[in-house]
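Open the model in your viewer and keep the selection panel at hand. The tour makes a few stops, with something to select at each.

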Amino acid sequence: MSAQILSGKIFASEFKEEAKKQVLALKEQYNITPGLAVIIVGENPASKVYVNNKHRTCEEVGIYSEVISMPADTTKEQLIAKIDELNYRQEIHGILVQLPLPEAIAKEEADILNAICPLKDVDGFHPVNVGKLMIGQNDGMIPCTPYGCLKMLQSAKINIDGAHAVIVGRSNIVGKPMGQLLLAQNATVTICHSHTHNLKEICRSADILVAAVGRPHFITADMIKPGATVIDVGINRIAPKKLVGDVDFDNAVEVAGAITPVPGGVGLLTIAMLMQNTINAAKLQLAK
């Protein structure tokens, strides 16, 4: 029996409709329009596509959007100066630096991202926001991809409380925050990585399996417990026009109880939750 398909398009549409309502409420009650500034450095074609998608989604939900393009030879100091300027602009509630940065400043990524005011860090990467997530404070920014995964699970009414959640991948962007979010919902969490022994057996014990390893078709059907929920965070280009996930979807769909497709899954949730984070940031700044 084939799994329930957890369509990112459907859930993202639902989340964006909710975001629209919150934007209208902020305008009516406080005369505030949430504002997002995205800085893009250089001419990376994929980054340009992502930034355009973010700008278009902002317009769709009623968020003020500003795209700041800087040349590829921008220095760390120049980029931080632009971030500082945005930190002090009251109409800008969220700041995002599009990654990857050009090679010349890529090694300075941590210093650059840490220059963003934690209240405006809509990517949720600042150490202050990472720390708040770790200790369970709910007034910080949450990384958009795991935030979207959690909201999708909740919206689909998939039980998290008491479930065994296995996350394959320990990145700061997905794996680690995903673990904290699920732990806060009373899941028992196991995080696996390249040094994990008995990976197949651990994955097969999961009620919720999150694949975030960046390797095409890494999770095979025999690694999935029958009826488990499988969230595929991977986006891997294996041909000029072919994207696949970290999960062998065609075979996994016959074993899992619910599964996200690639494309059309988690990626769409990420931008929707960026909108929510921008709204959350506006609310937090209003309360200060």
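Start with C203. This cysteine is buried, at a relative accessible area of 1%. Keep in mind that the model is predicted.

Draw a distance between the two sulfur atoms. The cysteine sulfur closest to that of C192 belongs to C203, and the gap is 5.4 Å, too far for a bond. The cut-off for a disulfide is a pair of cysteine sulfur atoms within 2.5 Å. How many disulfides does the count give by this rule? The count is 0.

Next stop: a helix pair. Select residues 45-61 for helix 2 and residues 266-287 for helix 11. Two packed helices are described by the angle between their axes and the distance between the axes. Here the angle is about 55°, and the axes lie 10 Å apart. Helix 2 is therefore oblique to helix 11. The crossing of helix 2 past helix 11 is right-handed.

Show side chains at the contact. From helix 2, pick N53, K54, T57, C58 and V61. From helix 11, pick I271, L274 and M275.

Note on methods:
Residues numbered from 1 in each chain as written. Predicted model: local features only at pLDDT ≥ 70, side-chain atom pairs only at ≥ 80, totals over all residues. Heavy atoms only, no water. Axes fitted to C-alpha atoms, helices over the stretch in contact; angles between N-to-C directions. Helix = DSSP H or I, 4+ residues; strand = E, 2+ residues; numbered from the N terminus. Parallel < 35°, antiparallel > 145°, perpendicular 65-115°, else oblique. Left-handed = near helix turned anticlockwise from the far one by under 90°. Contact = heavy atoms within 4.5 Å. Buried < 20%, exposed > 50% of the residue type's maximum accessible area, 1.4 Å probe, protein only.
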